[in-house]
Amino acid sequence: MGEDKIRRKSHARIDYNVRPSYEPNPIPDPNVNREEWIERVSAGFVSPIAANKQYYKIILQTLWPEGHGIPGPVVNKEDIRAAISAFRGKTYQDPFRRMRELQGEEGFLGIIKVGNDYQLVDLTVSEKREPRQHLNEDSWQDILHQYDGVCAACGRTPDEDGFQQDHKIPRLRGGGDNIENWQPLCDACNNMKSTACRDCKEDCEQCCWAFPEKYKPLRIPGELIEKLRKYAKENGEDPDQIVINLITEKVNPHSR
């Protein structure tokens, strides 16, 4: 598989388990000037890439169409793609990364995402974050080699979309851009890690998502789990403690 299939960037998604519960407001607020707000927040984008800044502005204009109030309408991902594509004159392949950057580094937490739909529900812009850094090609290839070219969490080989460049310890939890803090994750594992990290207060150093090579769950066949639970119930024991005792007996260095 070519390098372009495995050279992907890390991202964080802001997802909710229900559809947007905010009723779109079709009536503009006379005290809020849409054009002035868009121009003001656009001038504050921290992305170093001029084209991305323009795409962010187009996204905001799409989420808050002229003549509409806030909360804005529920906008499908393809509507956002179409708006950027119309500006560029050709199909834009990755508007969703720009959406994640708006929600992340740019601080637009008032943009909520549910499935393939987005909605602008609040005009407050949170504190900006330093734009995410990405590995150069040589460093990324070193990381892929370190993980034998598979997802660090699930062991799958890259699909047609490749891997995400993931910070093992998220930057919001103190993780840096040092080479030791990167790992390749497939889209599915990266999404699950993002969900697990949300509002998590546990120690990242012992997290199965940050350090799957140490702490990812062991895979035990379902029929053995069923037998274990049956045995534990019949003998009035805790199945978790049975496993702990067995592992301790087998791997305790003093037992050898």
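Predicted model: local features only at pLDDT ≥ 70, side-chain atom pairs only at ≥ 80, totals over all residues.

A salt bridge, as the term is used here, is a side-chain nitrogen of Lys or Arg within 4 Å of a carboxyl oxygen of Asp or Glu. Lysine 168 and glutamate 213 meet that definition, with their closest N and O atoms 3.3 Å apart. This pair links distant parts of the chain: lysine 168 belongs to the loop between β4 (164-167) and β5 (182-185), glutamate 213 belongs to helix α7, and 45 residues separate them.

The protein has nine helices and five strands. Read along the sequence, these follow the pattern α-α-β-α-α-β-β-α-β-β-α-α-α-α. Of the 256 residues, 39% are buried. The accessible surface comes to about 15,400 Å², and carbon and sulfur atoms account for 51% of that surface. If we take the contacts between residues at least 6 apart in sequence, 65% of them join residues at least 24 apart.

I return now to the charged residues. How many salt bridges does the structure hold? There are seven. One of them joins lysine 57 to glutamate 39, the closest N and O atoms being 2.6 Å apart. Here too the pair links distant parts of the chain, as lysine 57 is in helix α2 and glutamate 39 is in helix α1, 18 residues apart. Lysine 57 counts as buried because its relative accessibility is 18%, under the 20% limit for that class. Glutamate 39, with a relative accessible area of 44%, is partly exposed.

A further salt bridge is formed by arginine 98 and glutamate 101, with 2.8 Å between the closest N and O atoms. These two residues both lie in helix α4, three residues apart, which is about one turn of the helix.

One more charged residue deserves a mention. Lysine 214 lies over the face of phenylalanine 211, at 5.9 Å from the ring centre.

That brings us to the aromatic residues. A pair of aromatic rings is described by the distance of the centres and the angle of the planes. A search of the whole structure finds six aromatic pairs. Tryptophan 37 and phenylalanine 108 make an edge-to-face pair, 6.2 Å centre to centre and with 90 degrees between the planes. The pair links distant parts of the chain: tryptophan 37 is in helix α1 (residues 34-42), while phenylalanine 108 is in the loop between α4 (95-103) and β2 (111-114), 71 residues apart. Tryptophan 37 counts as buried at 5% relative accessibility, and phenylalanine 108 counts as buried at 1%.

Phenylalanine 45 and tyrosine 56 are likewise paired edge-to-face, 5.2 Å centre to centre, with 75 degrees between the planes. Phenylalanine 45 is in the loop between α1 and α2 (50-63), tyrosine 56 is in helix α2, and the two are eleven residues apart. Both phenylalanine 45 and tyrosine 56 are buried. Which residues do ring pairs link into a cluster? They are Trp37, Phe45, Tyr56, Trp64 and Phe108.

Valine 121 lies in the loop between β3 (117-120) and α5 (137-146). At 14% relative accessibility, valine 121 counts as buried. Leaving aside neighbours within four places in sequence, valine 121 is in contact with Tyr22, Ile70, Pro71, Gly110 and Ile112. The C-alpha atom of valine 121 is separated by 9.6 Å from that of glycine 69, a residue 52 places away along the chain.

I finish at the surface. A nonpolar surface patch of about 390 Å² is made by Leu218, Ile220, Leu224 and Ile225. Leucine 218 counts as exposed because its relative accessibility is 72%, and exposed means over 50%.

Thank you; I welcome your comments.

Notes. Residues numbered from 1 in each chain as written. Heavy atoms only, no water. Patch = residues over 30% accessible without salt bridge, like charges linked within 9 Å, V, L, I, M, F, W, Y side chains within 5 Å. Areas by Shrake-Rupley, 256 points an atom, 1.4 Å probe, with all protein chains shown as cover. Buried < 20%, exposed > 50% of the residue type's maximum accessible area, 1.4 Å probe, protein only. Phe/Tyr/Trp six-rings, centres within 6.5 Å; stacked < 30°, edge-to-face > 60°. Helix = DSSP H or I, 4+ residues; strand = E, 2+ residues; numbered from the N terminus. Lys NZ or Arg CZ within 6 Å of the ring centre and 35° of its normal. Contact = heavy atoms within 4.5 Å.
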